Amino acid sequence: MCGDPNSVLRFAFIEFTDEEGARAALNLSGTVLGYYPVRVLPSKTAIAPVNPTFLPRSDDEREMCARTIYCTNIDKKVSQADVKLFFESICGEVYRLRLLGDYQHNTRIAFVEFVMAESATAALNCSGVILGSLPIRVSPSKTPVRPRAPRPMMN
């Protein structure tokens, strides 16, 4: 779920296990939820499948996922320190941050793990906020940010 929790303008992406479930959900458009009718529309973008080796392997890792967000469309000029400061100033203390990118893509991605799950929930409201010169996209992470294994020493 995304958007301000105090606003009626919230939205969610829901992934179904089969097409039948998705079709049934589309028929719920107009149904009153709380005080307002919901609009149900097909997504224009697929939720990308995740390599199963990256999925949580324990309850601890599932809990880590609840504190972690996946951020895309990050301007290449933005540093890891900039991303950390951005999220800490709005959402709360960052525990771990992994900023990734390559030479083929114009933007970077980040996995941001917060100390508190509430901070990750607050971060979901940052989608569309300009960081550097681009609007970032924020979604819940399906994968924990595992500590990096130490690299072997080169002799």
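Me: OK, so two strands count as paired if DSSP finds at least two bridges between them. Which residue in S5 stands opposite Arg98?

Reply: Phe111 stands opposite Arg98. Bear in mind that this is a predicted model.

Me: How many bridges join S4 to S5, and which way do the strands run?

Reply: Six bridges join S4 to S5, and the two strands run antiparallel. S4 and S5 form a hairpin, with six residues between them.

Me: What about S3 and S5, how do they pair?

Reply: S3 and S5 pair in the antiparallel sense, over six bridges.

Me: Let me zoom out. How many helices and strands are in the chain?

Reply: The protein chain has four helices and eight strands. Along the sequence the order is α-β-β-α-β-α-β-β-α-β-β-β.

Me: And how much of the chain is buried?

Reply: Of the 155 residues, 28% are buried. The accessible surface is about 11200 Å², and carbon and sulfur atoms account for 59% of that surface.

Me: Which residues have the most contacts inside the largest nonpolar core?

Reply: That core has 21 residues, and those with the most contacts inside it are Ile69, Val83, Phe87, Val112, Phe114 and Ile136. S3, helix H3 (80-90), S4, strand S5 (107-114) and helix H4 (117-123) each give two or more residues to this core. In soluble globular proteins, nonpolar side chains tend to be buried together.

Me: Pick Phe114. What is it in contact with, beyond its sequence neighbours?

Reply: Leaving out neighbours within four places in sequence, the contacts of Phe114 include Arg67, Ile69, Phe87, Val94, Tyr95 and Ala120.

Me: Arg67 is charged. Is it buried or exposed?

Reply: Arg67 counts as buried because its relative accessibility is 11%, and the cut-off for buried is under 20%.

Me: Which salt bridges does Arg67 make?

Reply: The Arg67 side chain meets that of Glu113 in a salt bridge at 2.8 Å, N to O. This pair links distant parts of the chain, with Arg67 in the loop between helix H2 (59-66) and S3, and Glu113 in strand S5, 46 residues apart. Glu113 is buried as well as Arg67. Arg67 also meets Glu63 in a salt bridge, at 3.0 Å, N to O. Glu63 is partly exposed, with a relative accessible area of 41%.

Me: Which residues are linked in that network of salt bridges?

Reply: The network links Glu63, Arg67, Arg96 and Glu113. The count of salt bridges comes to six.

Me: What about Glu19 and Arg23, how far apart are they in the helix?

Reply: Glu19 and Arg23 are four residues apart in helix H1 (residues 19-26), so about one helical turn separates them. Their side chains meet in a salt bridge at 3.2 Å, N to O. Glu19 counts as exposed, at 61% relative accessibility.

Me: New topic. What is the phi of Asn73?

Reply: Asn73 has a positive phi of about 65°, although it is not a glycine. Most residues other than glycine have a negative phi. Asn73 lies in strand S3 (residues 68-75) and is buried, with a relative accessible area of 15%.

Me: Last one. Which residues make the nonpolar surface patch of about 300 Å²?

Reply: Tyr95, Val115 and Met116 make that patch. Val115 is in the loop between S5 and H4, and Val115 is partly exposed, with a relative accessible area of 34%.

Terms used. Residues are numbered from 1 along each chain as its sequence is written. This is a predicted model: local features need pLDDT of at least 70, side-chain atom pairs count only at pLDDT 80 or more; totals for chains, interfaces and linings use all residues. Side-chain values use heavy atoms; hydrogens and water are left out. Buried means under 20% relative accessible area, exposed over 50%, partly exposed in between (1.4 Å probe, protein chains only). Accessible areas come from the Shrake-Rupley method with a 1.4 Å probe; for residues, only the protein chains shown count as cover. A nonpolar core is a set of buried Ala, Val, Leu, Ile, Met, Phe, Trp, Tyr and Cys residues joined through side-chain atoms within 4.5 Å. Contact means heavy atoms within 4.5 Å. Patches are made of residues with over 30% relative accessible area and no salt bridge: like charges are joined within 9 Å, nonpolar side chains (Val, Leu, Ile, Met, Phe, Trp, Tyr) within 5 Å. A salt bridge is a side-chain nitrogen of Lys or Arg within 4 Å of a carboxyl oxygen of Asp or Glu.
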